[in-house]
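Here is a short report on a predicted model. It covers charged pairs, a sheet and the nonpolar cores.

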Amino acid sequence: MTDTSDASVGRRTVLVATGATAATLAVGAAVATDAPAPAAPATAPVAAAAVCTLTKEMTEGPYYLDGQYVRSDISEGKAGIPLKLTLTVVDDDTCAPLSNALVELWHADALGEYSGFVGNNGHSEPDNGTFLRGGVLTNSSGVAAITTIYPGWYRGRCVHIHVKVHTNVTVTSDGHFTGGQELHTGQLFFNETITTAVARVSPYSTNTVTRTTLARDSIYDGGGAASGLLTLTALGSTPAAGYTGTLTLGVER
C-alpha cells in the first residue's frame, strides 16, 4: 500500500531564509550616476533579520497512528544507520521560534515496514505498533532534536519521513500525547546520492522491494528545502557511521 493517491493540501508552511538572503532583499539595485548617492535618513527602518519562504504541505499517507510516545529517541533498537535530526519550528508570520510545540515523526524501517502495518512491504518481522514513531517538544529556540535511523523504502515511494507539528498537547502519565491543535503535516526527504550509498549497507541491502528514486517520487516536487529536503551531514567516514539531518519548518498558527 502506498500513499501516492492523496493530493498535497493547501495549508501553508515556510522555511527561514538565511540572513544573507534577507540582506540581499533589503538592498535595492544601485543606479549608475555621477552624483553622489543621498545619505539614508537617520530614521530609516532596520531590515528584517529573516525572510519567510512559503512551501507546500504534504499528504499524511496511510500509515499514521495517533497518540504516540513523547520521546527524543524513536529508534527502539531497530537495526539501521543512525540519523540525528534537528528540526526548528518557526511562526510563519513573524519567523519567531515556536517553543513547546510537539514535532511528531513516523517512518519505515530498513525493510520498508511501518510499525502497526508490518507485512505491507512484503517482509515478516515483529510488530509492536510503536517503533520509529513518536515526538518531542521544541525548546525555547524552537528546536526539536530526535534520534532515529535512516528510513528504508517501500513500494512506489522514495525514502522519506512523515512529520506533524502540534501545539497545546497534553502528555499523559504513561508518556503518550493527546489533544492539542495540528498545525502542519509534511514529509522530509533525503539526498539521492546518500540514499544510494545507504542502500548498499545491511540491512537496507536486504530490502527486496525496488526503490523509487527521489526524482521519480509522486509526492516530492523537486523544490529542495522548501519541499522538505533535509541538509545531511556525515557523522563519520562511511555511511554506516550515520548522518545528521537539519531543516527549519515554519507553520501557520
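E76 counts as partly exposed, at 33% relative accessibility. Its salt-bridge partner is R71, with the closest N and O atoms 2.9 Å apart. R71 is buried, because its relative accessible area of 18% falls under the 20% cut-off.

A search of the whole structure finds eight salt bridges. Three of them are tabulated here.

| Pair | Closest N to O distance |
|---|---|
| R71 and E76 | 2.9 Å |
| R211 and E192 | 2.6 Å |

Take K164 and E182 next. K164 is buried, with a relative accessible area of 0%. E182 counts as partly exposed, at 34%. E60 joins K164 and E182 in a network of salt bridges.

R211 and E192 also form a salt bridge. E192 belongs to helix 2, while R211 lies in the loop between helix 2 and strand 11 (231-234), so the pair ties together parts that are 19 residues apart in sequence. R211 is partly exposed, with a relative accessible area of 22%. E192 is partly exposed too, at 22% relative accessibility.

In what order do its four strands run? The order is 5-4-7-10; the sheet is open and the pairing antiparallel. Strand 5 (133-137) and strand 10 (181-189) are the edge strands, each pairing on one side only. Neighbouring strands are turned by 20° against each other on average, direction ignored. Within this sheet, strand 4 (residues 102-106) and strand 7 (residues 160-167) pair over five bridges. V163 in strand 7 is the bridge partner of L105.

Which residues of the largest nonpolar core touch the most other members? They are L105 and Y150, in a core of 37 residues. Elements giving two or more residues to this core are strand 3 (82-91), strand 4, strand 6 (143-149), strand 7, strand 10, helix 2 (192-198) and strand 12 (243-251). Leaving aside neighbours within four places in sequence, L105 is in contact with residues including I74, L85, L87, L132, I146, I161, V163 and L188. Its contacts also include R133, G134 and H162.

In soluble globular proteins, nonpolar side chains tend to be buried together.

Definitions and conventions
Residues numbered from 1 in each chain as written. Predicted model: local features only at pLDDT ≥ 70, side-chain atom pairs only at ≥ 80, totals over all residues. Heavy atoms only, no water. Pairing = 2+ DSSP bridges. Axes fitted to C-alpha atoms, helices over the stretch in contact; angles between N-to-C directions. Core = buried A, V, L, I, M, F, W, Y, C linked by side-chain atoms within 4.5 Å. Buried < 20%, exposed > 50% of the residue type's maximum accessible area, 1.4 Å probe, protein only. Contact = heavy atoms within 4.5 Å. Salt bridge = Lys/Arg side-chain N within 4 Å of Asp/Glu carboxyl O.
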